[in-house]
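Me: I'm new to this one. Please show me the structure and I'll ask as I go.

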Amino acid sequence: MTTSGIDVFLKSKGLKKTQIRKKMISYLKKSKSPVTALEIQKEVGANKSTVYREIDLLTLKGYINEFDFGDGVKRYEDSSREHHHHLICLNCRSITEFEVKDNFAKIEEKEIRSQKKFTVLKHKLEFFGKCKKCSKT
Ligand SMILES: [Zn+2]
Ligand SMILES: [Zn+2]
């Protein structure tokens, strides 16, 4: 997203264009995997409470998705990203993004709908294991 793109986004959500907000959004845009509040804080150079307040606001507005990979640290990602899954290394905690080529979401939804009469709107699927580097040792 370009700087003007961020402006348009903020305006559409009724949010003021503050420096910190713009910095946070551009950081989230360029991040290749979910980031922690601490990483955001380091990047934007604001204090912790400001960063948390902004995270809450952007989550509420649907701009960011929150993830909990079970290590007690919440991570955040730009919600407009292409649908993908995460491969989480239980050893070094690295996160690799993975896009499922087959549209298994469609099949899944159809089967869940026919068997359970449940309408799927979205799903979250994360894989836990050992990354390439950690598998070698
Ligand atoms: Zn991701
Ligand atoms: Zn690893």
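Me: Let's start with Asp78: buried or exposed?
Reply: Asp78 is buried, with a relative accessible area of 3%. Buried here means under 20% relative accessible area, exposed means over 50%, and partly exposed is in between (1.4 Å probe, protein chains only).

Me: Where do values like that come from?
Reply: This is a predicted model, in which local features need pLDDT of at least 70 and side-chain atom pairs count only at pLDDT 80 or more, while totals for chains, interfaces and linings use all residues. Residues are numbered from 1 along each chain as its sequence is written, chains are lettered from A and ligands numbered from 1 in the order in which they are written, and side-chain values use heavy atoms, with hydrogens and water left out.

Me: OK, back to Asp78. Which residue forms a salt bridge with Asp78?
Reply: That's Lys29, with the closest N and O atoms 2.8 Å apart. Lys29 sits in helix H2 and Asp78 in strand E3, so the pair ties together parts that are 49 residues apart in sequence. Lys29 itself is partly exposed, at 22% relative accessible area. A salt bridge is a side-chain nitrogen of Lys or Arg within 4 Å of a carboxyl oxygen of Asp or Glu.

Me: How many salt bridges does the structure hold?
Reply: Eight. One of them joins Glu54 and Arg21, with the closest N and O atoms 2.8 Å apart.

Me: What about Lys30?
Reply: Lys30 meets Glu43 in a salt bridge, 3.3 Å from N to O. Glu43 belongs to helix H3 (residues 37-44) and Lys30 to helix H2, 13 residues apart. Glu43 is partly exposed at 39% relative accessibility, whereas Lys30 is exposed at 52%.

Me: Changing topic: what is the order of the three strands in the open sheet?
Reply: E1-E3-E2, with antiparallel pairing. Strand E1 (35-36) and strand E2 (64-68) are at the edges with a single partner strand each, so one side of each has no neighbour in the sheet. E2 pairs with strand E3 (residues 74-78) over five bridges, and Asp78 turns up again as the bridge partner of Ile64. Two strands pair if DSSP finds at least two bridges between them.

Me: Now the metals. Which residues are the protein donors of the zinc ion (ligand 1)?
Reply: Glu77 (OE), His84 (NE2), His86 (NE2) and Glu97 (OE), lying 1.7 to 2.0 Å from the zinc. Glu77 is in strand E3 and Glu97 in strand E5, so this pair ties together parts 20 residues apart in sequence. Glu77 counts as buried at 6% relative accessibility, and Glu97 as partly exposed at 23%. Donors are N, O and S atoms within 2.8 Å of the metal (3.2 Å for Na, K and Ca); water is not among the atoms, so sites may look incomplete.

Me: Why is the arrangement around the zinc ion (ligand 1) called tetrahedral?
Reply: Because its four donor atoms subtend angles of 103 to 119 degrees. Four donors count as tetrahedral if all angles lie between 85 and 135 degrees.

Me: And which residues coordinate the zinc ion (ligand 2)?
Reply: Cys89, Cys92, Cys131 and Cys134, each through SG, at 2.3 Å. The site of this zinc ion is tetrahedral too, with angles of 103 to 113 degrees among its donor atoms. Along the sequence the donors are spaced C-x2-C-x38-C-x2-C. Cys92, in the loop between strand E4 (85-89) and strand E5 (95-98), and Cys131, in the loop between strand E6 (126-129) and helix H6 (132-136), are 39 residues apart. Cys92 is partly exposed at 37%, while Cys131 is buried at 16%.

Me: Last one: what's up with Arg93?
Reply: Arg93 has a positive phi of about 65 degrees although it is not a glycine. Most residues other than glycine have a negative phi. Arg93 lies in the loop between E4 and E5, and a network of salt bridges links Arg93 with Asp71 and Arg75.

How values were computed. Tetrahedral: all angles 85-135°; square planar, octahedral: opposite > 155°, others 65-115°. Helix = DSSP H or I, 4+ residues; strand = E, 2+ residues; numbered from the N terminus.
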